[in-house]
Amino acid sequence: MKKFTKILCAALALMMICAFSACSKENKIPVIGINQYGEHPSLDNCRNGFLQGLADAGLVEGEDFTVDYQNAGFDDDIAGDIASSFSANNVALMCGIATNSAVSCYAAAEDKDIPVIFTAVSDPVQAKLDSGNITGTSDKLPVEAQLDLIRSIQPDAKTIGIIYTTSEPNSVSTIADYQANAADYGFTIDAIGVTAQNEVTQAVDTLINRGVDCFSNLTDNTVVGVLASILEKTNDAGIPVYGSEVEQVKGGCVAAAGIDYYALGRQTGAMAAKVLKGEASASEIPYETISEYGIYINSEALAALSLELPADVAEKAVESKDA
Amino acid sequence: MLDLIVSTLTQGFIYALLSYGVYITYKILDFPDLTVDGSFPLGAAVTALLLVNGVNPYLTLLVALAVGALAGLVTGLIHVKLGVRDLLAGIITMTALFSINLQIAGSNLSVERAIDTIFNAPPTMALFGGCSLIVRKLIVSMILALIFKVLLDLYFKTKNGLLLRAVGDNSTLVTSLAKDRGFVKILGLVISNALVALAGCVVCQEQRAFSSTMGTGQVVFGLATVIIGTTIFKKFDFVKGTTAAIVGSILYKICIQCAINLGLPANLLKLITAVLFLVILVLGNVKKGSLKKFGERLAPKTGKGR
């Protein structure tokens with residue numbers, strides 16, 4: 001039993017050292033705990049935009065605040081652990097990037113009523129993030145603009161194939177949006193729900209087989225993660241894939257009507273700055289949905305599928321390619 | 001600082017419930033049960049649904065136990081009655097549960113702050129209302145972990161509990177006692193998964209959310225905690241398996257907290273956690289080895305003939 005006590009003491013001591021090292025860097029500068037669900041370009045853009053938004057408001061990192069950035073590697077358990085660690089370390093503000101991280105932060109923040117700012121949450125109401133000491137920005141997709149874009153590029157298209165992950169609430173609510181609006185633009189939606197990344201390619205094969213006229217992506221983390229392999233198959237079959245934001249167009253989708261995650265993050269950073277400066281509490285600021293969207297195109301991908309861009313669309317479209 | 005210890009211990013106690021479950025299947029029954037990845041979120045899904053619909057939070061504990069038991073029963077029946085291999089039986093149930101969980105909860109489901117959980121419902125507040133929420137969480141989870149530890153320890157001493165242990169150690173003995181091995185296996189799986197779903201239920205109340213992917217990796221977590229726990233106590237026969245499970249669970253969560261708080265790049269989190277596990281396990285082993293050598297020095301080996 002003594003030996004066990006020794007080991008436990010050693011472990012506890014180790015934990016204390018860790019914690020103290022975390023405390024020591026706190027000093028009196030408020031800490032912003034950023035809990036990002038995982039690393040992928042859109043979410044990274046969100047985080048960078050968020051920091052830019054704080055800088056825009058005149059707050060200097062290192063002087064006015066410090067950042068404790070953690071990412072959960074798409075693991076809900078870890079997202080929860082990170083959030084409770086933030087709470088225990090008395091951060092001044094938590095920032096949750098993507099729904100699951102935002103929900104974890106809000107749950108952990110209950111202990112001490114720490115304000116929470118979220119971003120990249122498609123449906124804050126469904127996720128119950130719409131009231132309390134919390135605010136942020138929603139990345140709800142401009143579905144009608146996307147349908148309009150597809151119609152203008154492919155006037156004869158009938159069916160849009162969409163693959164989504166049944167466990168991602170953002171995707172489930174966007175699919176409903178698509179289904180509600182598709183008929184207005186003369187489309188039918190052929191949606192396939194998957195549960196894991198390794199099922200996506202099979203779903204692509206199925207949709208190609210069913211003869212869909214094009215694919216449209218959501219901001220579905222699971223599906224977007226294997227975008228390259230989707231494009232490989234669709235390009236072979238000569239079917240265009242439309243993205244939902246700029247990074248996907250850079251990755252090879254023909255076009256997208258989508259939001260700019262950097263701008264979204266920036267908007268979020270401005271809200272966080274208000275809370276940090278004490279100008280308003282998070283509970284007083286309603287969550288915001290970004291209203292502007294951009295049209296992004298990839299000329300190379302369009303040309304490869306010999307698709308023409310109508311002049312009026314080309315005018316407002318932004319060419320998106322990786323430098 | 002103190003808060004960090006409190007919240008880490010809380011996590012450790014909550015997940016100890018899951019460790020008990022894995023301890024029963026892995027250590028006692030010698031049954032690699034993958035149902036856990038499905039029954040854990042099953043408990044959470046049912047809990048989230050019930051809480052949102054205004055059901056008493058304490059009642060959800062019982063419901064979670066019941067649905068978890070059902071999941072274990074299914075794996076048990078598939079294995080024993082249909083003759084499917086143990087690993088595969090678990091995989092089948094786990095896979096099916098993924099869909100069932102989503103069906104139950106609709107999608108990922110959050111529980112608003114206005115809804116009471118076991119941590120702030122009236123009876124808890126009446127007893128521990130003076131404490132802050134973070135302390136209440138520790139108290140409630142510790143009480144739950146200890147209640148089920150005592151219940152399990154008592155059960156293992158009963159005739160039925162001994163039979164359970166015998167199936168894993170020496171199943172021929174069980175047959176020779178004219179007992180049905182299959183039945184005992186099913187019973188073990190039922191108890192194990194009931195506990196796992198209970199862990200899911202408490203996690204859901206603590207996190208105020210169900211997410212369909214929250215089960216991924218729980219088997220690995222359970223196995224790691226049980227192995228860490230039992231390795232540390234290898235030399236101490238009097239320490240009960242359930243105690244080892246609690247300690248393993250707490251140590252695991254301490255490792256993760258350390259990794260988070262070390263302030264290293266976020267992507268290294270899992271790597272650091274893995275290194276910390278290795279350190280703990282090696283520490284346990286080295287001590288054991290040196291202890292043995294020490295003992296040999298005290299009592300030099302004598303010839304076989306003596």
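Trainee: Which residue of S3(A) is the bridge partner of A:Ile34?

Mentor: First, the conventions. This is a predicted model, in which local features need pLDDT of at least 70 and side-chain atom pairs count only at pLDDT 80 or more, while totals for chains, interfaces and linings use all residues. Residues are numbered from 1 along each chain as its sequence is written, and chains are lettered from A and ligands numbered from 1 in the order in which they are written. Helices (H or I, at least four residues) and strands (E, at least two) are DSSP runs, numbered from the N terminus; two strands pair if DSSP finds at least two bridges between them. Here A:Ile34 has A:Cys95 of S3(A) as its bridge partner. Strand S1 (residues 31–36) of chain A and S3(A) run parallel and are joined by five bridges.

Trainee: In what order do the strands of the sheet containing S3 of chain A lie?

Mentor: The order is S2-S1-S3-S4-S5-S11 in chain A, an open sheet of six strands with parallel pairing. Strand S2 (66–71) and S11 of chain A are its edge strands, each pairing on one side only. S3(A) and S4(A) are joined by four bridges and run parallel; within S4(A), A:Val116 is the bridge partner of A:Met94.

Trainee: Is S4(A) covered or open, and what is the criterion?

Mentor: A residue is buried if 20 or more other C-beta atoms lie within 10 Å of its own, exposed if 12 or fewer, and partly exposed in between, with C-beta atoms placed from the backbone. S4(A) is mostly covered, since six of its six residues are buried.

Trainee: At what angle does H4(A) run to S3(A)?

Mentor: Axes are lines fitted to C-alpha atoms, for helices over the stretch in contact, and angles run from 0 to 180 degrees between N-to-C directions. H4(A) runs at about 155° to S3(A) and lies across S1, S3, S4 and S5 of chain A.

Trainee: Which strands form the mixed sheet of chain A?

Mentor: Seven strands form that open sheet, in the order S7-S6-S8-S9-S10-S12-S13. Its edges are strand S7 (188–194) and strand S13 (317–319) of chain A. Neighbouring strands are turned by 25° against each other on average, direction ignored. Helix H6 (residues 169–181) of chain A packs on this sheet, touching strand S6 (159–165) and S7, and its direction makes about 165° with that of S6(A).

Trainee: How is the length of helix H11 of chain A checked?

Mentor: The expected span of a helix is 1.5 Å times one less than its number of residues. For the 17 residues of helix H11 (residues 261–277) of chain A this gives 24 Å, and the end C-alpha atoms are 24 Å apart, which agrees. Among the buried residues of H11(A) are A:Tyr261, A:Leu264 and A:Met271. The buried residues pack against helix H2 (41–56), strand S3 (93–97), strand S4 (116–121), strand S5 (134–138), S9 and S10 of chain A.

Trainee: Where do residues other than glycine take a positive phi?

Mentor: Most residues other than glycine have a negative phi. A:Asn90, however, has phi near 55°; A:Asn90 lies in the loop between helix H3 (76–88) and S3 of chain A and counts as partly exposed, with 16 C-beta neighbours inside 10 Å. A:Ala98 has a positive phi of about 85°. A:Ala98 sits in the loop between S3 and helix H4 (99–109) of chain A and is buried, with 29 other C-beta atoms within 10 Å.

Trainee: Which residues touch the most other members of the largest nonpolar core?

Mentor: A nonpolar core is a set of buried Ala, Val, Leu, Ile, Met, Phe, Trp, Tyr and Cys residues joined through C-beta atoms within 7 Å. In the largest, of 140 residues, they are B:Leu17, B:Ala197 and B:Ala199. Helix H9 (residues 181–207) of chain B supplies the largest share, 16 residues.

Trainee: How many residues of chain B are in contact with chain A?

Mentor: Two residues are in contact if their C-beta atoms, placed from the backbone, lie within 7 Å. By this criterion, 40 residues of chain B are in contact with 44 residues of chain A. H11(B) gives the most to the chain B side, with seven residues.
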